[in-house]
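Welcome! Take a moment to look over the sequence and the 3D view below, and then we will walk through a few features together.

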Amino acid sequence: MPPPDVLAVTALSVVTGALVVFGGDSGVGGIGFVGLIAVLALTLYRLEWGVYAFLAAVLMIDQFEVPEFSSFTYTIQYFNNINVIPYLPRISAAAFSPLDLHLALLFAIYLVGLVLRTAPAPRKPVGWPMALGFLAWIMFEFIAGAGRGGDMTAALWELRGLGYMLISYTLFSQIIRTREQIRAVIWVCILALTFKGIEGTIRFAGLGFTLDGHDALLTHEDPVFFITLWALHAGLALYGCSTPQRTFLLFANIPLTLGFYAANRRAAFASLGASLAIFLAIMPREKILHILKRTAPVLPIIVLYVVLFWGSTSRIASPLNQIRSGFVDDQQTLGDRNYYSNLYRKLENFNLAYTVRFYPLVGIGFGTKYYQPLELVKINYALRDYMAHNNILWLLVKIGGVGFLVFWLFVDVLGVRGAMIARATHDPYLKAVAVMIVIAIINQLVAAYFDLHLVRYRTMLYMGALMGLLTGLHALLPAAPEASTTAGQPLHPQGGTT
């Protein structure tokens, strides 16, 4: 066998040659090729490392381009189908994305590990009966949509986000098992989202700390993600967990806060308020009293700010105006853009509610258009007639009351189980992570009420990953007498639910 230095030089030569051959004019293809080799090597060496790389890619790479900003993380086009990626050879049949290939690689290596008995045995994820029920129902709705003459291509686009959530949930529940692995996953979340916060902060600072006429400086998903890190930081602080992650988050709050503001998303402000309410509901009474004591000096300042700047058009009132826009309807207060955006969404909601009346139990299925008794204006969105901004009401239209009930049972079981884990574990770090997961679930669903967060891949993959972590947290519970859940299933210290 050649000596290691010869192998290293050979490998470097291959990588350099690949950069020249596949790089093209921009070099994106070459860098992507090197990234592919690195991810493959990491995954073959340690499967959980491949999972970390997958989560990092999901959180750092943009699915959609921020208008008027060129971002390398979007240029990679990790979420786009290969047949439309410009730096790759044109293969018309390649109607799948690098993300799909990445997931297939992870599952293939895991299955090979099961066959060779090098991977841990499969286990039942927390909430798995409801997950299977929801999967079966959306498959039924796919068939129902086809039976009604629906567009199957549109149906696949509608289903993709929900499918990614279930896949990510399954993947993380099987592979992430130890406390160290959970800590590593959280580090990936912290570092990747801090990177996005810094990206937004740089754009914000470059414009003189103004939006300078831009609608937003980050994608819709990013500020929703930032809220989960604030929940984690608050949990670590309240549970008295001294960890490098808590120290890092203390400083990361600066770019996260500036990035949150620069993202300029009303849905994120709404989900932030709901997340705060859920956080207070989860916390033990003594922790809530501690919060009130610490925040008491700040409350008069907040009240004064609201009184002084309610209705103001100054720059300092911008966060307040984003919140205020959810409670007022007049065009003068909202401005043209927000006024017509609200009006469009109200028309959508009316059309969705009208459609539900005809299909209350089973839904219209995926790939079918919802009724439009109130015709919507033409917007630059190919799936306008299939998807709607209010993704919660959209889901009810698509899967009907029966499927809607199954969906809420699934997410509610996970939310309740996360809250129970936070109370049952004696580990302050795991308590904080459990609280973060519960907040992430609620946060995502509230944001989906205002925008397309159930069909965006990044949000659904992140939500599924954190849901999957609950299985690892549950398995780490200390041995204790069985405690009944609201679903009547006992909590076992090992191996998930029965």
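How are H3 and H8 oriented to each other: roughly parallel or roughly perpendicular? Keep in mind as we look that this is a predicted model.

## Two helices side by side

Two packed helices are described by the angle between their axes and the distance between the axes. Helix H3 covers residues 47-60 and helix H8 covers residues 179-206; their axes cross at roughly 25 degrees and come within 9 Å. Angles under 35 degrees count as roughly parallel, so H3 and H8 are roughly parallel to each other. The crossing in which H3 passes H8 is right-handed.

On the H3 side, the contact is made by Glu48, Tyr52, Leu55, Ala56, Leu59 and Met60. H8 contributes Gln181, Ala184, Val185, Val188, Cys189, Ala192, Leu193, Phe195 and Lys196.

## A look at Val39

Next, find Val39 in helix H2, which runs over residues 28-45. Setting aside neighbours within four places in sequence, Val39 is in contact with Ala53 and His102.

A disulfide is a covalent bond between the sulfur atoms of two cysteines. How many disulfides does the structure hold? The number is 0.

How values were computed: Residues numbered from 1 in each chain as written. Predicted model: local features only at pLDDT ≥ 70, side-chain atom pairs only at ≥ 80, totals over all residues. Heavy atoms only, no water. Axes fitted to C-alpha atoms, helices over the stretch in contact; angles between N-to-C directions. Helix = DSSP H or I, 4+ residues; strand = E, 2+ residues; numbered from the N terminus. Parallel < 35°, antiparallel > 145°, perpendicular 65-115°, else oblique. Left-handed = near helix turned anticlockwise from the far one by under 90°. Contact = heavy atoms within 4.5 Å. Disulfide = S-S within 2.5 Å.
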